Amino acid sequence: MRGFLASSIGVATAAALALPLALSTPALAAPPVGAAVPVAPAGSTQSLPLAPLGPAAARSPGPPGMSASPRLPETRGLPPREVERFSLVGVVWDDASTRLSGRVQVRTRSVRTASWSDWQDVETHNSEHAPDLGTTERGSGRVRGSTAPLWVGDSDGIEVRVQAEPGAPGARAATRLPSGLRVELVAPGAPDPVTVVDAKNGASGGSGRADEPEGDDKGDLGALPGMTMETAESSSVNVPLAALGAKEITALNKADSTADAVLASDGTLSAAARPYIGPRPRIVTRLGWGADESLREPGFVYTSTVKAAFVHHTASGNNYACKDAPAVLRSLYRYHVVSSGWRDIGYNFAVDKCGTVYEGRAGGVAKAVLGAHTMGFNTDSMGIAVIGTFTTTAPPAAAVKAVAEVTAWKLGLFDRDPRAKATLQSGGGNLFAKGTSVKMNVISGHRDGFATECPGKLLYDQLPPTRVSSAKLQGRP
């Protein structure tokens with residue numbers, strides 16, 4: 001595989017602290033439901049600016065981005081309004097290097113019941129899920145700061161409030177909010193039907209520079225029926241693991257996984273040298289979960305190897321059914337690309353609460369695809385996100401088992417023992433300075449590489465037994 005070198009002032013008054021509660025009063029009366037509900041086109045993003053809220057909104061403006069009164073933390077939001085239908089919500093701002101120190105809350109109106117939800121908190125500390133500093137993806141000029149996305153289900157009304165946090169370290173800055181705050185309302189849309197074609201039609205290669213996306217040569221894929229060039233490009237990199245146009249990569253036992261890995265490696269991998277490859281789990285491809293391949297940037301970017309796997313939770317909530325997981329993924333993908341400005345979805349794999357494994361960032365499930373999941377440690381690693389929030393909710397056993405399965409297989413392809421340690425070089429973050437060599441577990445939690453709650457305490461606590469289970473699946477003594 002080709003290498004890729006990663007190149008406020010004071011404390012708020014009691015009245016200010018009570019402001020979010022006071023703001024909720026007018027929202028109790030929902031906007032009238034019209035006879036016709038506006039419906040968003042399939043797969044869409046509504047981006048709405050957030051305006052000043054509360055007493056400070058009526059005062060003469062002070063310095064840009066700050067309330068006229070330095071004693072009141074800045075508050076912005078969106079009054080309750082009817083919008084086109086959406087299922088996922090998040091807040092973004094202009095500068096990805098600026099942290100939102102404060103509280104973000106939303107209320108949404110259900111299409112099914114026409115009733116408003118209670119206020120829900122949105123996880124604000126999401127900058128740790130991002131492209132590494134100094135990389136082409138981070139320097140594209142499109143990357144924005146963003147909260148974690150929240151899955152709310154089919155909704156047609158929204159109310160938002162964002163309040164800066166008073167009394168935090170750096171009190172002056174804590175009374176201000178980042179510039180360019182907008183709420184992003186994402187509709188997942190439905191996947192387009194695609195004709196499945198036979199693998200013998202070929203696969204695309206790519207011979208770009210090491211720091212450029214590969215896989216732009218799509219000359220052999222132009223005549224595939226019912227498939228866009230972008231979809232063919234994304235699907236072709238999983239051949240021969242699955243036929244071109246396949247919606248899933250089938251499960252294999254350990255012996256067949258080893259033989260299949262040797263075949264797919266074009267002679268660079270031998271069964272004798274790599275005896276510890278776990279059974280390959282069933283993997284739903286991007287085509288299977290309905291990724292709109294026109295959203296992502298063309299081509300793929302690879303690192304030299306996979307030394308470690310970082311486990312995440314999406315922090316998008318647990319209010320989804322497993323049948324809805326593909327729609328959640330389509331929404332996360334759109335939020336990462338359209339709203340946050342990344343080149344593709346950040347994770348290499350996703351796992352739902354029922355234990356189904358999904359292909360994440362395009363480039364081939366068996367390859368060392370550069371992701372945007374653990375800022376500072378995306379190079380030579382992979383990211384696996386369990387869909388949900390596991391800070392106070394225990395992850396389902398099926399999801400934990402699936403993490404063990406996908407790590408046993410993928411780490412085995414690169415001769416990694418899930419119980420071992422690996423040394424990675426930091427690309428820069430809030431725990432380790434850029435260039436620092438860091439030894440960590442081959443299966444680590446996101447918080448091991450960045451100061452964050454991810455993957456949630458209760459999922460993080462499952463990582464020690466997951467390492468053991470993954471090693472056993474590889475057949476290690």
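This is a predicted model: local features need pLDDT of at least 70, side-chain atom pairs count only at pLDDT 80 or more; totals for chains, interfaces and linings use all residues.
Trainee: How confident is the predictor in the protein, in terms of pLDDT?

Mentor: The average pLDDT of the protein is 81, and 75% of the residues score at least 70. Over residues 57–62, however, the pLDDT is below 50, and this stretch has 7 contacts in the model beyond near neighbours in sequence. Residues 215–223 also stay under 50, with 23 contacts beyond four places in sequence.

Trainee: What makes up the secondary structure of the protein?

Mentor: The protein has 10 helices and 17 strands. Of its 477 residues, 53% count as buried.

Trainee: Why is Ser-331 called buried?

Mentor: The relative accessibility of Ser-331 is 0%, and buried means under 20%. Ser-331 therefore counts as buried. This residue lies in helix H7, residues 325–339, and touches Leu-88, Trp-151, Val-186 and Pro-188, leaving aside residues up to four places away in sequence.

Trainee: Why is Gln-425 called exposed?

Mentor: Gln-425 has a relative accessible area of 56%, and the term exposed applies over 50%. Gln-425 is therefore exposed. It is found in strand E15, residues 421–425. Beyond its neighbours within four places in sequence, Gln-425 is in contact with Gly-376, Phe-377, Gly-435, Thr-436 and Ser-437. The C-alpha atoms of Gln-425 and Gly-435 are separated by 5.7 Å, although the two are 10 residues apart along the chain.

Trainee: What makes Pro-79 partly exposed?

Mentor: Its relative accessibility is 48%. Buried requires a value under 20% and exposed a value over 50%, with partly exposed in between, so Pro-79 counts as partly exposed. Pro-79 lies in strand E3, residues 75–93, and touches Ile-158 and Glu-159, not counting residues up to four places away in sequence. Its C-alpha atom is separated by 9.1 Å from that of Leu-50, 29 residues apart along the chain.

Trainee: What is particular about the peptide bond between Val-239 and Pro-240?

Mentor: This bond is cis, with omega about 10°, whereas most peptide bonds are trans. Pro-240 is placed in the loop between helix H4 (229–236) and strand E9 (248–249). The bond from Cys-454 to Pro-455 is also cis, with omega near 10°. Pro-455 is found in the loop between strand E17 (443–445) and helix H9 (457–460).

Trainee: What is the value of phi for Ala-114?

Mentor: Phi of Ala-114 is near 60°, a positive value in a residue other than glycine. Most residues other than glycine have a negative phi. Ala-114 lies in the loop between strand E4 (102–110) and strand E5 (120–122). At 41% relative accessibility, Ala-114 counts as partly exposed. Asp-415 likewise has a positive phi, near 60°, and lies in the loop between H8 and E15. With a relative accessible area of 36%, Asp-415 is partly exposed.

Conventions
Residues are numbered from 1 along each chain as its sequence is written. Side-chain values use heavy atoms; hydrogens and water are left out. Helices (H or I, at least four residues) and strands (E, at least two) are DSSP runs, numbered from the N terminus. Buried means under 20% relative accessible area, exposed over 50%, partly exposed in between (1.4 Å probe, protein chains only). pLDDT is the predictor's confidence in each residue, from 0 to 100. Contact means heavy atoms within 4.5 Å.
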